[in-house]
Amino acid sequence: MEVEKKHKKRTIFQKWFLNNRFSIALLNILLFFLVIWLFNKISFVLNPAKVFVSAILPPLMLALIQFYIMNPLVDILERKFKVPRLVTILGLFLLVAILLVWIVNTLLPIVQSQINSLIAHWPHIWKDASNAVQEALSKPQFHSVKGNINDAINRAQDMLFKSGHEAINAALSNISSAISVVTIIVMTLLTAPFILFFMLKDAHNLRPYLTQFAPKRWQKSFGELLYDINTALASYIRGQITVAFWVGIMFAIGYSIVGLPYGIALAVLSGLLNLIPYFGTFISFIPAIVIAIMLSVPMVIKVLIVFAIEQTIESRIISPLVMGNKMEMHPVTTILLLIGSSAVWGLWGVIFGIPIYAILKIIILRVYNYYRNVSQVFREDEGEETTQIAAQNGENADLKNKE
């Protein structure tokens, strides 16, 4: 009897603690936060590693972005046309150098001139736009909302001037930081091409090289994990850059047709800000509509038409064709992720929030599936579910036989 009681107690303990999914999940969460707490206590030991990573990360990220753009062409020419990788890489580097020379000599002076003129005339533009809005609000039909709109305009104006004043003060009071930023930019531009060259040259050997460091029984799964992460990053980076490029082209053409001042600079701004999903294009649209309001009502209508055409082409043709649904993210998830990551890490969170989320999602799903395959808890649940289904099928068969 005593042996049976001990066995029963042991069975209950195993069932409700050792082999209970909820208990195991709580234990894993506890261990996770315990590891974070320990790392926080020894953060001074990790500071050199943090400085090292922050130094190598910018050129590595720039080279990685260029790698995902160039590597498909290198692979296609090598696989289908038997062109040596080295020849294609050198050809692409020469093409990029020619493109950079053209941008510096042709496009950059135009954009720089328009940006300088826009910055110099922006206070006058904002004042004229505010006066135009005030004149429109003076009509009787807008009396009920006039106060709210005036408050919103004043708050936006105060915020813009306050942000600009703070940025200027910060730049002037922290010259050493500015020098370090310039140093980082120069070092990134100098070292990124070398990193990119070797990444393109040895692209096929990178995954097998990393896989060999994993234990033999995990090498296949680890290789598949690296493949999934690489595919997700490649799809996101290529898609975002391609869409941003065509958005800039469409706005440049549209603004040039309607005759909007500073159209090229605004188009470049729209292309860059389009890298921020959902919000970027609308943010870049604000200065365009302000300039249009300053000019005339017909110009406002023309700018709105350009924006509507661009959004239609982008959402119906370019984005589905380029991006598809490769990230497998719901729009609500993307928006909440952008809001949360921007609140925690600012601009870097907006830029890197989605790819980091995609990587973590792949890793967590892989770990979860592995745990599902090896866990006794899931096997018991699946066994019970299979038994219940079999019993139900047997009962249904008996009922049919009786009928």
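1. A residue counts as buried under 20% relative accessible area, as exposed over 50%, and as partly exposed in between (1.4 Å probe, protein chains only). By that scale L269 is partly exposed, with a relative accessible area of 34%.

2. This is a predicted model, in which local features need pLDDT of at least 70 and side-chain atom pairs count only at pLDDT 80 or more, while totals for chains, interfaces and linings use all residues. Residues are numbered from 1 along each chain as its sequence is written, and side-chain values use heavy atoms, with hydrogens and water left out.

3. L269 belongs to helix 9 (residues 263-273), helices here being DSSP runs (H or I) of at least four residues, numbered from the N terminus. Not counting residues up to four places away in sequence, L269 touches S284 and P287, where contact means heavy atoms within 4.5 Å. From L269 to F251 the separation is 18 residues in sequence and 9.8 Å in space, C-alpha to C-alpha.

4. Helix 7 (residues 203-211) packs with helix 8 (residues 219-258) at an angle of about 140 degrees, their axes lying 9 Å apart; axes are lines fitted to C-alpha atoms over the stretch in contact, and angles run from 0 to 180 degrees between N-to-C directions. The contact is made by R207, L210 and T211 of helix 7 together with Q219, F222, G223, L226 and Y227 of helix 8.

5. The UniProt annotation "transmembrane region", from an unreviewed entry, covers several spans, including residues 51-74 and 86-104; such annotations may be inferred rather than shown by experiment. Residues 51-74 are 100% helix and 0% strand, with end C-alpha atoms 34 Å apart.

Key. Helix = DSSP H or I, 4+ residues; strand = E, 2+ residues; numbered from the N terminus.
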